[in-house]
Amino acid sequence: MKLSTADVEYVAKLARLEVSEAEKEKLTAQINDILRYIDQLNELDTMGVAPMSHAIAVTNAFREDRAAQSLEPGDALANAPDARGEFFRVPKVIE
Amino acid sequence: MELHQFTIHALQEKIRNGEVSALQIAESVFSRIDAVEGRIHSYIRLMKEEAMASAARADEGIQKGDIQPLTGIPIALKDIVCTRGIPTTCGSRMLHQFVPPYNATAVEKLAAAGAIFVGKANMDEFAMGSSTETSYFGPTRNPWDLERIPGGSSGGSATAVAADECIASIGSDTGGSIRQPAALCGVVGMKPTYGRVSRFGLIAFASSLDQIGPLTKDVEDCAIMMNVLAGYDPKESTSVKAEVPDYRQFVGRDIKGWKIGIPKEYFIDGIDPEVSAAVAKTIETVRQCGASIVEISLPHTKYCVAVYYIIAPAEASSNLARYDGVRYGFRAADARDLSEMYQKTRRQGFGAEVKRRIMIGTYALSAGYYDAYYGKASQVRALIRRDFDEAFARCDVVLTPTTPTPAFKIGEKTDDPLQMYLSDIFTISANLAGIPGISVPCGFSTSGLPIGVQFLAGHFEEGKLLQAASAYEKSAAVEKRRPAL
């Protein structure tokens with residue numbers, strides 16, 4: 001087992017995901033399964049291979065810095081679960 | 001034949017000749033939807049009112065001689081592309097009430113070309129899946145066998161075309177999500193080169209892999225759709241400023257003297273014998289078209305799925321961090337503080353497969369593991385791309401099966417994520433390398449399930465794909481069956 005349920009709990013916290021005990025068990029087994037499969041990459045010697053992070057070599061996609069029309073505050077807030085005035089409302093951040 | 005059964009090019013001719021109106025076509029498509037949608041569930045949302053109004057406007061235009069490439073053609077949109085004022089859910093509870101304030105560029109382009117939007121097609125949640133079973137709105141069924149999956153994630157886009165609930169559709173393809181359902185539903189589906197079609201307004205899954213592309217009833221329709229969709233977009237920094245040819249000119253040209261590469265690594269144990277037989281027959285047909293067959297090697301093929309299941313979840317875990325219940329989307333009730341609100345929102349808003357991928361991706365990117373997973377996968381990805389560069393020095397296009405098996409049963413793989421992932425084994429490589437691919441119907445299994453063949457070409461060589469696919473389509477004359485519904 002590469003990952004324990006405690007590891008899964010830690011990763012879930014990093015991902016801001018609440019998981020139940022039952023989910024934790026299931027996820028641990030499934031993620032270990034998948035990681036075991038992924039381990040076959042270690043058969044390959046990749047020393048000196050430059051990692052590929054983009055499919056096409058487009059770099060520095062600059063454009064002119066010109067103001068264009070943007071969303072009206074009302075439109076930007078229209079999907080908010082909770083809004084007041086021109087602000088998004090959230091539950092309290094600290095005690 | 002009824003109007004909903006025709007292709008784009010056939011309907012365009014009828015419109016030009018004044019034989020039919022846009023309203024008649026739209027009525028035909030919606031009557032078909034009334035008859036079969038209850039059994040298939042291609043759509044999350046229908047847009048009948050908007051469609052009828054657009055069709056009436058199209059008819060006014062036609063009267064004045066204004067006929068655009070898609071004037072009066074009913075098109076389905078995968079529910080992952082933003083539509084202004086029309087809910088766009090991405091198949092998730094997280095976005096089930098999200099109403100975009102703008103249109104995706106692909107939607108704008110289709111609308112400018114005269115398309116009539118039929119509705120928003122069902123899909124796996126956040127495009128994560130190969131069967132359309134992970135949709136929050138319930139599964140889509142394969143029109144060829146209602147007990148079977150249609151493929152995914154663009155399952156609804158594929159079934160809507162296969163069952164004549166639209167004339168053509170668009171989907172998105174991150175690891176095969178256009179080509180795999182196209183193959184399993186017996187339609188044509190193309191994933192263009194990375195950067196060929198703007199993704200502005202496409203809800204992001206894995207940004208280094210995602211592409212928008214068409215699903216159509218034949219190869220010529222695919223070329224017509226590509227003419228509308230392709231091109232640089234200043235709103236999308238990864239779209240490429242490369243010239244866009246008229247894709248239709250490639251349709252109907254022969255492939256005499258072409259070299260067709262057959263990668264031995266794609267003809268492995270575990271392929272369904274009927275798929276093998278159908279692809280072998282396809283190779284023979286292509287040879288009869290005057291092309292020569294070259295055996296090639298793509299030695300890193302067996303690592304594609306492993307690389308993909310690091311890179312795609314890693315990018316997804318980052319892209320899906322935005323769903324926090326603050327600015328849009330679902331928010332869980334009764335949280336005591338902000339942190340609890342995030343955690344409950346994400347627990348209740350995402351389904352199991354999405355959570356699994358967020359977890360894998362978060363783990364692969366976490367401190368101490370980045371090099372071993374994301375770093376390693378990105379290096380192997382470079383080797384996979386190099387395999388293709390070397391292959392295309394020796395052949396014009398590569399031919400492979402699209403999927404290892406025909407459509408599997410609903411529920412068959414839902415408890416075994418790894419088995420589900422392996423159904424994309426032949427399609428993932430194109431996304432990793434950034435090259436275009438097309439799936440074309442090449443026959444049926446004895447139980448009547450469609451089988452697809454895939455052509456792959458070098459970057460920005462969609463024209464070659466269309467030429468090879470159309471030459472094959474013409475000379476194979478694969479039996480034109482329709483699902484019995």
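Buried area is the accessible area, taken with a 1.4 Å probe, that two parts lose on being put together, summed over both. In this predicted model, chain B and chain A bury about 5200 Å² between them, and 67% of that area lies on carbon and sulfur atoms. Chain B contributes 64 residues to the contact and chain A contributes 49 residues.

Between chain B and chain A there are 5 salt bridges. In one salt bridge, the side chains of Glu23(A) and Lys355(B) meet at 3.2 Å, N to O. Elements giving two or more residues to the side of chain B that touches chain A include α9 (304–319), α10 (338–349) and α11 (352–365) of chain B. The largest share of that side, 12 residues, is supplied by α12(B). Its residues comprise 34 nonpolar, 15 polar and 15 charged.

Over all chains, the whole structure holds 15 aromatic pairs. Two of them, both in chain B, are set out below.

| Pair | Centre distance | Plane angle | Geometry |
|---|---|---|---|
| Tyr136(B) and Phe137(B) | 5.2 Å | 80° | edge-to-face |
| Trp144(B) and Phe444(B) | 5.1 Å | 55° | tilted |

The pair of Trp144(B) and Phe444(B) links distant parts of the chain, 300 residues apart: Trp144(B) lies in the loop between β3 (116–121) and α5 (155–162) of chain B, and Phe444(B) in strand β10 (residues 437–444) of chain B. Trp144(B) has a relative accessible area of 16% and is therefore buried. Tyr136(B), at 43% relative accessibility, counts as partly exposed, and Phe137(B), at 29%, also counts as partly exposed. One aromatic cluster is formed by Phe98(B), Phe126(B), Tyr323(B), Tyr328(B) and Phe350(B).

How values were computed
Residues are numbered from 1 along each chain as its sequence is written. Chains are lettered from A and ligands numbered from 1 in the order in which they are written. This is a predicted model: local features need pLDDT of at least 70, side-chain atom pairs count only at pLDDT 80 or more; totals for chains, interfaces and linings use all residues. Side-chain values use heavy atoms; hydrogens and water are left out. Contact means heavy atoms within 4.5 Å. A salt bridge is a side-chain nitrogen of Lys or Arg within 4 Å of a carboxyl oxygen of Asp or Glu. Helices (H or I, at least four residues) and strands (E, at least two) are DSSP runs, numbered from the N terminus. Ala, Val, Leu, Ile, Met, Phe, Trp, Tyr, Cys and Pro count as nonpolar, Asp, Glu, Lys and Arg as charged, and the others, Gly among them, as polar. Rings of Phe, Tyr and Trp (its six-membered ring) pair if their centres lie within 6.5 Å; planes under 30 degrees apart count as stacked, over 60 as edge-to-face and the rest as tilted. Buried means under 20% relative accessible area, exposed over 50%, partly exposed in between (1.4 Å probe, protein chains only).
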